[in-house]
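Please open the structure in your viewer and keep the sequence beside it.

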Amino acid sequence: MSERLKVLVADDQPDSLDLLRELLTVYNFELRVARSGLEAIGIGLKWEPDLLITDIDMPDADGRHLAKRLKLSLPALIAIAVSGTPLNTDFESAEDLIFDDYFVKPIDFKRMHATLTKYGAKVDGQPAMP
């Protein structure tokens with residue numbers, strides 16, 4: 001990975017996408033956003049992000065399909081799922097093992113910060129503080 005993490009965020013809900021984008025502006029990321037799973041696949045295959053943050057439930061290509069497709073070409077990709085569905089119904093199947101971490105909406109920002117830091121996120125060029 002390069003010094004600046006390349007992060008791709010995919011969510012079909014404009015409010016959720018804006019919230020994630022706002023949260024991530026404090027980090028020293030190269031950031032791209034996609035408003036659909038298919039758009040994210042196109043961006044991801046060309047841009048080759050280090051980290052993917054994706055909604056699970058999207059109409060054209062859900063987050064599972066997106067993460068699987070990108071990891072075929074980018075095996076080192078870190079994939080983080082975001083879902084409005086509670087853990088016991090959405091993340092218990094084997095197909096969810098494609099994700100390195102997950103968050104249920106509303107996002108716990110302190111936990112998100114800790115997760116991003118674990119994967120190399122930095123604030124203002126310095127290691128992020130918990």
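Against which elements do the buried residues of α2 pack? They pack against β1 (6–10), β2 (30–34) and α3 (63–73). Here buried means under 20% relative accessible area, exposed means over 50%, and partly exposed lies in between (1.4 Å probe, protein chains only). Helices (H or I, at least four residues) and strands (E, at least two) are DSSP runs numbered from the N terminus.

Before the tour continues, please note how the model was treated. This is a predicted model, in which local features need pLDDT of at least 70 and side-chain atom pairs count only at pLDDT 80 or more, while totals for chains, interfaces and linings use all residues. Residues are numbered from 1 along each chain as its sequence is written, and side-chain values use heavy atoms, with hydrogens and water left out.

**The whole chain**

Display the entire chain, which has 5 helices and 7 strands. Followed along the sequence, these elements give the pattern β-α-β-α-β-α-β-α-β-α-β-β. Of its 130 residues, 48% count as buried. Next, colour the chain by pLDDT, the predictor's confidence in each residue, from 0 to 100. The average is 86, and 85% of the residues score at least 70. Confidence is highest in α2, at a mean of 98, and lowest in helix α4 (residues 87–90), at a mean of 48.

**Helix α2**

Select residues 37–47, which form α2. The buried residues in this helix are G37, A40, I41, I43, G44 and W47. An α-helix has 3.6 residues a turn, so residues three or four places apart point the same way. Just after the helix, E48 takes a positive phi of about 55 degrees.

**Strand β3**

Move to residues 51–55, strand β3, where T54 is located. Is T54 buried or exposed? T54 counts as buried because its relative accessibility is 1%. Contact means heavy atoms within 4.5 Å. Not counting residues up to four places away in sequence, T54 touches A10, G63, L66, I80, A81, V82 and F99.

L52 lies in strand β3 too. With a relative accessible area of 0%, L52 is buried. Leaving aside neighbours within four places in sequence, its contacts include L8, L66, A67, L70 and I80. Select K71 as well: its C-alpha atom is 10.0 Å from that of L52, although the two residues are 19 apart along the chain.

**Aromatic rings**

How many aromatic pairs does a search of the whole structure find? The search finds 1. Select Y27 and F29, which form a stacked pair, 5.2 Å centre to centre with 25 degrees between the planes. Rings of Phe, Tyr and Trp (its six-membered ring) pair if their centres lie within 6.5 Å; planes under 30 degrees apart count as stacked, over 60 as edge-to-face and the rest as tilted. Y27 is buried at 6% relative accessibility, and F29 is buried with a relative accessible area of 6%.

**The last stop**

Finally, select Q13, in the loop between β1 and α1 (14–24). Q13 counts as partly exposed because its relative accessibility is 41%.
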